[in-house]
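Here is a short tour of one protein model, written for someone who likes to see the cut-offs along with the numbers. Please keep the structure open beside the text as you read.

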Amino acid sequence: MKPYRPGLLGGVSAAALAFIAALAAPAAAQDQPLVIARNLEINSLDPHRAFCDTCQIYLSSTYQGLVKLGPDEKSVVPSLATEWTANDDQTQFTFTLAADAVFSDGSPVEAKDVKWTFERLKNIQGDPSFMMAGVSSIETPDEKTVVVNMENPNSEFMGILAAPYVGIINSDVATENGASAGEDAATADQAETWFLANSAGSGPYVLDTYRPDDELRFVRNENYWQDAAPIGEIVIDQVADAVSQAQMLQSGQADIAMQVDPDTASTINSPDITIETVPSYNFIYVMFSPGAEGNQVPLDLEVRQALAYAIDYQGIIDFTVGGEGEMQASPIPNGFPGTEGLPMPEENLDKARELLAAKGLDDGFAIDVTVASMNVYGVDLALLMQKIQQDFARIKVTINIQPVASAVWREQIANPGIPFSARFYAPDYYGSAQYVQFFGMIPDSWWERNASGQGKVDLVNQKEVDLLQQALASSGEDMEKAYHEIALEMINDRIIVPVVSPNLVLAYRSEIDGVRYSACCNLPLAEISRK
């Protein structure tokens, strides 16, 4: 037996052990779960039914699209597709799939999966189904080639394909578990419950567990065909309010707090925590529903204009986000095609009173308001509505505020409708068509349906229909001009009224690297590591 000597342990020196520990430390750090505090507010984990901010984070981490949004937040770069071409009039797009791309079960990503995914997205008739509107047919000449044919030109189709809701699903696995891509998928598909416990994509992570109103947990995809994600396990904890998120961050219970508002961020003073404030494309808006059953007076155009004039827009920015935000002219966010030079919203009480007097409403009236109980981008929607309650009181309009769970709000906005409320939106890709197709008064858009009371009131704006067709068939200055004119029409509709585009607060432990805001995905998890 060798004699014991100080500085040696089992024949290995203490210095050597320290060196070995130092080498192992980075790997051990990456194996430690990364904890993100945020309000989950998840409506579904089915890629074709999900539609929420957390959904974007989840789907972009567990699924991959044919392309993805580039670092400049505007261009598209390869993902599952290594190359693509489009014909001159943007009605046919051809893609070549990566030869070595595989799903999380190790099976190859093939053209049939792309075709099945796009057809299911279109036919499921979920919130993101509008992204496949206009697709007439999909051809698969071989296992690695996909040809998408459009009914009409669509210059934004490549941008749409970077959205997290267009990630490619393993069609064999999903079909075995009740999924359907047929024309009757809206009723025949039975896979939504399965998707709450399983993912079926090719992304850097796979779903581990989801407990509603508790946590969403990811683990590294061991079959990932590209560079492995640095962090082995990521947990998004349900934490509803900004103060609680900040407390978890300061105590070390969370590594990232995603919805800390500027006021709360200003109270954090620790060298262990990094606070960054960056502009965002996110925005909070209020909306009018002339077709809602609960309207006590008709919410016609002049009444909507009057109420919009009564809003103190700068006061809202100061009240909700401590001045850390911007006004936004239209439902197309600042910086997107067509938004340069738009007139910003105006507070004008004299004009508001004049419009109401012309309608015989100068003695005032009441509006019932239902709003989701949630804090988003640092804005508490119920508190926002209290500020607007004070604004409207100046023109003798009373609003009765009823906070409800977000799921209840979603049900009520469709039927019986909500006369006046507030909501939020984040981009799914860089392109203005998504806002026209969701917020515009074009036939069967999400807000045309709900604001009209499912067609009880005619709100369709034919100019927006025609201009959108022009925009999708053009590029460059012609496209910018078309979207600019659409934005002006959407402003004049006075159905959707943006009230603040909050700056985004990135709050995280200083040993965390790679935290950034993404226009498509909110937070790209695969880029995050520990220093």
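In which sense do S3 and strand S12 pair, and over how many bridges? The two run in the parallel sense, and five bridges join S3 to strand S12 (residues 233-238).

## Ground rules

This is a predicted model: local features need pLDDT of at least 70, side-chain atom pairs count only at pLDDT 80 or more, and totals for chains, interfaces and linings use all residues. Residues are numbered from 1 along each chain as its sequence is written, and side-chain values use heavy atoms, with hydrogens and water left out.

## Overall build

The protein has 18 helices and 25 strands; these are DSSP runs numbered from the N terminus, with helices being H or I of at least four residues and strands E of at least two. Its radius of gyration is 25 Å, close to the 24 Å that the globule rule gives for 531 residues, so the protein is as compact as a globular protein of that length. That radius is taken over C-alpha atoms, and the globule rule is 2.2 Å times the number of residues to the power 0.38. Along the principal axes, the C-alpha atoms fill a box of roughly 105 × 60 × 40 Å.

Of the 531 residues, 57% count as buried, where buried means under 20% relative accessible area, exposed over 50%, and partly exposed in between (1.4 Å probe, protein chains only). Among the contacts with a separation of 6 or more, 71% come from residues 24 or more positions apart; contact here means heavy atoms within 4.5 Å.

## The seven-stranded sheet

S3 and S12 belong to an open sheet of seven strands with mixed pairing, in the order S10-S11-S12-S3-S13-S23-S14. Two strands pair if DSSP finds at least two bridges between them. Strand S10 (205-211) and strand S14 (273-278) stand at the edges with a single partner strand each, so one side of each is left without a neighbour in the sheet.

Helix H8 (residues 242-251) lies across S3, S12, strand S13 (256-257), S14 and strand S23 (504-509), and runs at about 30 degrees to S23. Such angles run from 0 to 180 degrees between N-to-C directions, with axes fitted as lines to C-alpha atoms, for helices over the stretch in contact.

## The four-stranded sheet

A second open sheet to visit has four strands in the order S6-S7-S9-S8, with antiparallel pairing. Its edge strands are strand S6 (81-86) and strand S8 (135-142), each pairing on one side only, and the twist averages 20 degrees from one strand to the next. Helix H3 (residues 111-123) lies across S7, S8 and S9, at about 170 degrees to S8.

Strand S9 (residues 145-150) pairs with strand S7 (residues 92-97) over five antiparallel bridges. Here threonine 94 stands opposite valine 147, and phenylalanine 93 has valine 148 as its bridge partner. S8 and S9 also pair in the antiparallel sense over five bridges, forming a hairpin with two residues between them; valine 135 stands opposite methionine 150.

How are the two faces of S9 covered? In a regular strand the side chains alternate between the two faces of the sheet. Thr145, Val147 and Asn149 on one side of S9 and Val146, Val148 and Met150 on the other are all buried.

## Rings and a charge

Rings of Phe, Tyr and Trp (its six-membered ring) pair if their centres lie within 6.5 Å; planes under 30 degrees apart count as stacked, over 60 as edge-to-face and the rest as tilted. The count comes to 29 aromatic pairs. One of them joins phenylalanine 51 and tyrosine 165, a tilted pair with 5.1 Å centre to centre and 40 degrees between the planes. Phenylalanine 51 lies in the loop between strand S3 (34-38) and helix H2 (53-62), and tyrosine 165 in the loop between helix H4 (157-160) and helix H5 (171-176), so the pair ties together parts that are 114 residues apart in sequence. Phenylalanine 51 is buried at 10% relative accessibility, and tyrosine 165 is buried at 1%.

## Backbone details

The peptide bond from asparagine 415 to proline 416 is cis, with omega near 15 degrees. Proline 416 is found in the loop between helix H14 (406-414) and strand S21 (420-425).

Glutamine 454 is not a glycine, yet has a positive phi of about 60 degrees; this residue is partly exposed, with a relative accessible area of 45%. Arginine 494 also has a positive phi, near 50 degrees, but counts as buried at 14% relative accessibility.
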